[in-house]
Amino acid sequence: MTPPVGTALAGYYVAEGRRSGARSTHDDLHAKALVFEHDGITAAVITSDLIAIPADVTSTVRAIVKEQTGIPDHCVMITASHNHSGPALSPPLRADLIAGLVAAAVREMRPARFAVGIGTCAINVNRRKRRPDGSWFGLPFLGQNFEGPVDHTVTVLRFERDDGSRAVLINYPCHAVVLGPNLEVSADYPGATQRFVEAYFGAGTLALFTNGAEGDINPIVHPGPFAEADRLGCILGAEVVKVAEQLTPRPVQRVAAAHGAVSLPVASSPPLEEEARLLAAWEARCRTLRASLSPDAVLDEEMSWTTAQLRHLRRRRFGTAATAEVQYIAIDDAVLASVAGELFTVLGQQVRASSPFAHTVLVGLANDSVGYIPPRSCFQEGGFEIEATPLEPGAGEKLRDAMISGLRALG
Ligand SMILES: [Zn+2]
């Protein structure tokens with residue numbers, strides 16, 4: 001799904017250079033589908049090297065998948081690696097091509113065994129940090145808070161077919177932003193991880209990457225050159241291989257799926273019209289600055305303006321409440337528990353700790369995105385994600401509790 005040169009790139013919004021679109025392709029972007037069935041229940045997980053999946057794409061893909069294969073909506077999960085070096089999501093993605101992957105995978109289904117395991121990898125770090133003057137790091141380069149909460153868990157789901165081919169589903173919580181706002185299309189570190197795992201196992205292996213509860217988590221290099229995205233991706237890939245090679249896949253006992261919607265409160269102040277007026281004034285100020293000052297000063301102002309714009313657009317989309325889809329796809333003692341947004345690490349860890357499953361794999365950026373989902377404590381502190389989120393304090397805890405209930409109902 002590599003976009004043509006000139007395509008507008010995702011993330012960083014008006015960051016310098018983003019206005020020109022992609023200048024070249026460094027490495028290809030992919031969408032991949034994994035389909036598994038047991039006892040008449042079939043589930044499909046689609047992964048992609050994209051920043052997010054728009055809700056309308058999800059509903060179109062699910063409608064086509066249902067028509068072509070009979071797999072119902074609650075069994076189809078569509079995820080993004082949160083790649084910031086891929087296309088901006090307008091014009092819309094080709095939902096028919098994404099759906100076609102599932103139909104092709106269904107035709108290719110063969111008897112298989114399954115195993116799940118975890119490893120650890122420290123290429124990620126909490127990114128909420130203040131500068132010495134007390135101000136928060138914001139776009140385009142967030143900070144590195146090595147004392148802050150983080151989750152280094154790598155989860156590996158290994159599907160081994162009787163014919164010797166396999167799929168390795170990887171989960172790791174970390175923004176795909178090693179490259180920063182560069183102008184070449186790339187899948188960033190998750191691309192390198194998937195290539196590493198596929199190269200290690202050789203032909204007949206599909207590696208699929210899903211992100212986790214990554215709202216406040218960045219890579220330890222940000223920004224860096226392509227060599228750094230490769231290096232970090234290979235460190236993660238080596239851990240995936242290490243975990244996968246210690247697993248003994250066995251016949252599957254159970255597949256189950258469910259999904260639901262959680263209504264999250266959206267900030268009501270300032271009134272939307274007033275916010276729109278403030279943003280227009282901000283834009284005018286940025287224009288004046290561009291004509292008069294050093295590019296760095298303009299960038300700072302533009303980044304603050306864009307962060308406010310992001311929040312405003314989401315608030316306008318949602319009104320008084322954002323509906324966030326949550327979805328659970330269980331296979332044996334593992335469950336992919338997905339959120340349509342960017343869950344903060346502590347909330348993800350709390351969900352996992354209260355889940356009845358032995359392996360609860362938080363999957364972020366699935367099926368849609370409502371934006372950042374921080375815990376109440378972070379709202380009190382402030383910072384970039386709090387300025388960008390349309391949600392009100394308490395939304396994160398509400399989502400967490402709904403997920404725990406959903407997992408208990410399925411477990
Ligand atoms: Zn993000």
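Predicted model: local features only at pLDDT ≥ 70, side-chain atom pairs only at ≥ 80, totals over all residues.
Trainee: Let's start with helix H1. How many residues does H1 have, and what should they span?

Mentor: H1 covers residues 55–69, which is 15 residues. At 1.5 Å a residue, they should span 21 Å. The end C-alpha atoms of H1 are 21 Å apart, so expectation and model agree.

Trainee: Which residues of H1 are buried?

Mentor: Count neighbours: a residue is buried if 20 or more other C-beta atoms lie within 10 Å of its own. In H1 the buried residues are Val57, Thr58, Val61, Arg62, Val65 and Thr69. They cover an arc of only 130 degrees around the axis, which puts them on the same side of H1.

Trainee: What does the face of H1 turned away from its buried side carry?

Mentor: That face carries exposed residues, Asp56 and Glu67. Now look at the buried side. Its cover includes strand S3 (41–48), strand S4 (76–78) and helix H2 (95–107).

Trainee: What follows H1?

Mentor: Gly70 does, with a positive phi near 85 degrees.

Trainee: Which strands are joined to S8, and do they run parallel or antiparallel?

Mentor: Take each partner in turn. Strand S7 (residues 153–161) runs antiparallel to S8, with six bridges joining them. Strand S10 (residues 205–211) runs parallel to S8, joined by seven bridges. There, Val168 has Ala207 in S10 as its bridge partner.

Trainee: How many residues lie between the strands in the hairpin of S7 and S8?

Mentor: Four. Gly164 in this hairpin takes a positive phi near 95 degrees.

Trainee: Last, the domains. Where are their bounds?

Mentor: The domain assignment gives domain 1 as 18–262 + 321–410, and domain 2 as 269–318. Their centres, taken over C-alpha atoms, are 30 Å apart. Eleven residues of domain 1 are in contact with ten residues of domain 2.

Trainee: Which elements give two or more residues to the domain 1 side?

Mentor: Strand S14 (321–331) and helix H9 (384–388). H9 gives the most, with three residues. By type, the domain 1 side has seven nonpolar, three polar and one charged residue.

Note on methods
Residues numbered from 1 in each chain as written. Pairing = 2+ DSSP bridges. Domains from an automatic or database assignment. Contact = placed C-beta atoms within 7 Å. Nonpolar A, V, L, I, M, F, W, Y, C, P; charged D, E, K, R; others polar. Expected span 1.5 Å × (residues − 1). Buried ≥ 20, exposed ≤ 12 C-beta atoms within 10 Å, placed from the backbone. Arc of directions from axis to C-beta.
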